[in-house]
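The exercises below are meant to be worked with the sequence and the model side by side. Please try each task before reading the solution that follows it.

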Amino acid sequence: MKRWTVLSVALVALLALTLSACAAPAPSGGAAEIVEQREIVWMARTNVVENPWEQEVAIPAFEAANPEITVNLLIVDQADIAVKREAMIAAGEPLHVWSPNWGGNGFASDRVRGLLTDLTPLIERDGVDVDVFVPEVLAIYENAGSQYGFPFLTTGSYMFYNMDLFDAVGLDYPPVSWDDQSWTWDRALDLAQQLTTNVEDPMNATFGWVEGMWPVEAVTWLFDAYPWPEDAFDTGFAQSINFTSENAIKAFQSRHDLTYLHKVAPDAAAVEGLNALGGDFQSGRVAMKTTGGWGWWVYSPVTPEVEGGFCWGVAPLPFGDTNAPTRAVIFTDPWVITRGLEGQELEDAWTFIKYLISEDAAREYMQATNTPPTQHKLLDEWYQQFGCMNPEDVKTVYQGAFTNGLESSNHLMVGFDEINSTWDNLLGELWNNADARAEDILPGVEEALTEVLLRIAEEEDHTFE
Amino acid sequence: MTEQAFSPPIAAETSQTGSRNLTIRGQERMMAIISTAVLVLGLTVVLFPLFWMLSTSLKEEIEALKIPPNWFPAKAQWHNYRDALTFNPFTTYFGNTLYFAGMVVVGEMLSNSFIAYGFARLRAPGRNFLFLMVLATLMVPAEVTIIPTYILFSKLPGPWLNTYNPLIVPAWLGSAYLIFLLRQFYLGIPREYDESAYIEGASRLGIWWRIILPLSKPALGAVGIMSFIFHWNTFQGPLIYINDNAKFPVSLGLSMFRTPFGGTPQHWYMAASLAVIAPCIIVFFVAQRYFIQGIVISGVKG
Amino acid sequence: MLNILPKRKLARTEALWFWFFITPWIIGLILFRGGPILGSLFLSFTEYNVADPPTWINLDNYARLLTDDIFYKSLRVSGLYTLLAVPLGIVVSLVMALMLNQKGVPFLGVFRTLYYIPALIAGSVAVAFLFQWLLNPSFGIFNYLIALLAGEEGLIPLGIKGPRWFFDPNWVVPSFVLMSLWGFGASMLIYLAGLQGVPTALYEAARIDGASAFRRLINVTLPMISPVILFTFITGMIGSFQIFTPAYIVSGGVGGPAYASMFYVLYLYLNAFRRYRFGYASTQAWLLFIIILILTIFALRMSRRAVYYEAPGDEDLI
């Protein structure tokens, strides 16, 4: 009898002790804090180059200039950032400055959800000089007269090529001008054929051309077959998408043929294999790769000086059709402020955004990360950073993407995730099956996409004019 | 090695044999030899990923991306370990994780062995229904309770957000998975043991503490190992609740290497991954010593 | 008749003790677990995009689910995966546990530890990437070995070509099953613990009767650890239906090709955290809950005959 009484008392005591013990070490609101100190919460993604900049450069500089504001930095990896962000928003936990294109559904969906603060009144009140921005880039985050965010990083889509492999075969490098009409899909294919060796033995092959444009609809742009309705990127909604025009079919078929007819490109599985082993382009086994412009900074550690490194250059995307007016997909990331902030809280977040877009902060970011800046003045400095290419050429090829490009659908279409999942799933057959024909597959893809697009519009109560 | 060393084998023999012990013993020894050979061969399958991680962790950054890959690094870059573990404050992360996993392990071992005894041994109306409720809590995918749970902890009074409390405190109040596991183990313990103790005047608590717990040492060992390793590596919970970098566990520390568009430094990522699982390997090696057959029964008889 | 009163009283005391022992769980349920679960049930009847408060829409989500093609596809993917992964997982981990429980094997502790290592890293992102490589049709070691052994110019020239694994819709689920089997250590650990509880006296008796090792396995070992096998079966089933991370990483959150890796909970996750349909995702969760609950009750009822419990008087146990 006695023994169990003692035991149960001990157990309850132990439980209580532990409960209070684990509650104890946590910091509470802290009466000792200076009353004036205010806090803003900044959410960023995990990134081995950006994070040191945020922690060691941006925040110390901002806090030195604004001693009454503390910046609380939350770092979450991109695959999981939406989970944390949505939980915080649902619970009304403070979250001030973040970027909508990381995780989740992209900028357009957050705009439609009404999650973003319209910065226009603040810009006008403070007379912020928006002319420092590249106008096309700034306009991406403006909708119906409201500016929802400031871009801090932007890049087009390009062809990255391995200079060492070109030299080995004795080929001239591709041009740098986006207006060079001789730079066609067929010419790129011709180069690719001369550069390709050993395709039957993937582990020792050199692949002429990895076509990795993203989102997948972008390949149609090269062939002058822009598939979206005129106003889709303005409204964020579309009633239909045209994947069955003659040129669209030609575009998808040409991409398929790179692998299965001309055998200059690895198939989807081999691309994934190359990436699982490290990175397709970084491996040094890919002569040309057409893809989004993150290569500018992701490939920057690849130089002839390091073990396994080489010299690389950048060229425009080739013309699939000589009339194609827009070829490049542009990717721009903005900083935004959560809607619903008031008074001092909004002011502090705004102060921080103004700091982030200041010339000094933008320069520090550019220098730390090698990412292209969004402001005119800084671009000239950025062009100097690529050892294997001369700065004039960098400028020509880099800028050409913006006059020959449009922002990506993953930032501007509402419900992009479902759109993307739909075409990726249904196009798999075309990329994985040697005998598949674009003309047989695309009608089905188009039909499924139209259904998805209409459902998204209906869900958001959008009516088409 | 003497014959006795082989006393209670459980190996599958291939043929039916007669009743002579000697033949059986001989076959058992044969089985042990074959098993050893199979186990040694099997190690190549099991350890290949580990070898690969080790090799990558010792390469230079761009060398790690080379195709065809170098099986062994051109020159072993041991400093990768130092670089990876100081790129972010991993010493702090290890400390945080030890605190968190330690608190949870103690809580889960105590609470679940306690709760499971009720479900395994004590009859009451509604017991089956309640047990089904325990299981039911496992059946709602966590993905849809993340947000409601986060809202709950943001509203509850007390320090919850940006602490490990939302993960530690519930662990002291039972976990459905481990309640179920321990209940199954208790059901395998002969009831005569507690009944004779009961007749001798022991209370239910006394039976749990002095009979059931000692008899389920291997099960508790398994629970301890599973709980420790699970929480050492767990990602989702800390992801949601921990904000400050200085409070991160090792799992979030590892995720800090992940960089979009293939910018992840593989050599550091692998070095840090190996460093992070090393304590788990040690914990397992130490704890598996409790898995010795026969201690259960002899412990009572003696 | 005289005995009835004390018996009833005894039963009541026992019931009180039962409640005493499960009190911590009850507290946890009321304070922490029950609320969010009920919350998600509520959300399943609403439209909720996080930015705005939920709006009640009756059974609309349920009706929509029943006409959602992708939902049916995802149910099939997860169902097939469970059907394959659970029994295979039990067999592999049980065999490994038996092998690692033989006293004649030297360095048993070292072997156990090394064989447990895959389970340590099985759930990690690094391993998902590693399997993408190992199973890669062009670069993977699996297909290399298949070609070496049974390819056209292989050891036994059968002309067998390795499958395209994650790139062939028919092979996607088996590929994930293979990946899951590599994490056999978790169940192996449970079986190892279970095997320690088998009274040695039973083996001695069986040996004296001249029972072969195989018979001892069937007649002694398996019945004695059947409660633990039931545990791994039921939790394995619950876990397999909820598998998410490997599919999320391997398919890049797309679920392809041709929805072959659109696992149930992947689709649920995409609806919740990529498409901000938290109400709809909750509906999916509750439908899965009902499916798993029915299967679990069924398994528990079936197990009454198959599972051997030491204690008499537990006949009413589920």
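**Exercise 1. Which residues lie on each face of strand S7 of chain A, and are they buried or exposed?**

Solution. On one side of S7(A) stand A:Ser157, A:Met159 and A:Tyr161, on the other A:Tyr158, A:Phe160 and A:Asn162, and these are all buried, so that both faces are covered. Here a residue is buried if 20 or more other C-beta atoms lie within 10 Å of its own, exposed if 12 or fewer, and partly exposed in between, with C-beta atoms placed from the backbone. The strand as a whole, residues 157-162, is accordingly mostly covered, with 6 of its 6 residues buried.

Before going further, note that this is a predicted model, in which local features need pLDDT of at least 70 and side-chain atom pairs count only at pLDDT 80 or more, while totals for chains, interfaces and linings use all residues. Residues are numbered from 1 along each chain as its sequence is written, and chains are lettered from A and ligands numbered from 1 in the order in which they are written. Helices (H or I, at least four residues) and strands (E, at least two) are DSSP runs, numbered from the N terminus.

**Exercise 2. How do helices H10 and H13 of chain B pack, and which residues meet?**

Solution. Axes are lines fitted to C-alpha atoms, for helices over the stretch in contact, and angles run from 0 to 180 degrees between N-to-C directions.
- Step 1: H10(B), residues 217-233, and H13(B), residues 266-287, pack at an angle of about 180 degrees, with their axes 10 Å apart. That angle makes H10(B) roughly antiparallel to H13(B), a term that applies to angles over 145 degrees.
- Step 2: From H10(B), B:Gly221, B:Gly224, B:Ile225, B:Phe228, B:Ile229 and B:Trp232 meet B:Pro279, B:Cys280, B:Val283, B:Phe284 and B:Ala287 of H13(B). Residues are in contact if their C-beta atoms, placed from the backbone, lie within 7 Å.
- Step 3: By class, this contact has 9 nonpolar, 2 polar and no charged residues. Ala, Val, Leu, Ile, Met, Phe, Trp, Tyr, Cys and Pro count as nonpolar, Asp, Glu, Lys and Arg as charged, and the others, Gly among them, as polar.

**Exercise 3. How many residues of chain C are in contact with chain A, and how many with chain B?**

Solution. 
- Step 1: On the side facing chain A, 23 residues of chain C are in contact with 29 residues of chain A. The elements of chain C that give two or more residues to this side are helix H5 (125-134) and helix H12 (264-274). By class, this side has 14 nonpolar, 6 polar and 3 charged residues.
- Step 2: On the side facing chain B, 85 residues of chain C are in contact with 96 residues of chain B. Helix H1 of chain C, residues 4-43, gives the largest share of this side, 18 residues. By class, the side has 59 nonpolar, 19 polar and 7 charged residues.
- Step 3: As background, chain C has 13 helices and 2 strands, and 50% of its 318 residues are buried.

Key: Two residues are in contact if their C-beta atoms, placed from the backbone, lie within 7 Å. Angles under 35 degrees count as roughly parallel, over 145 as roughly antiparallel, 65 to 115 as roughly perpendicular and the rest as oblique.
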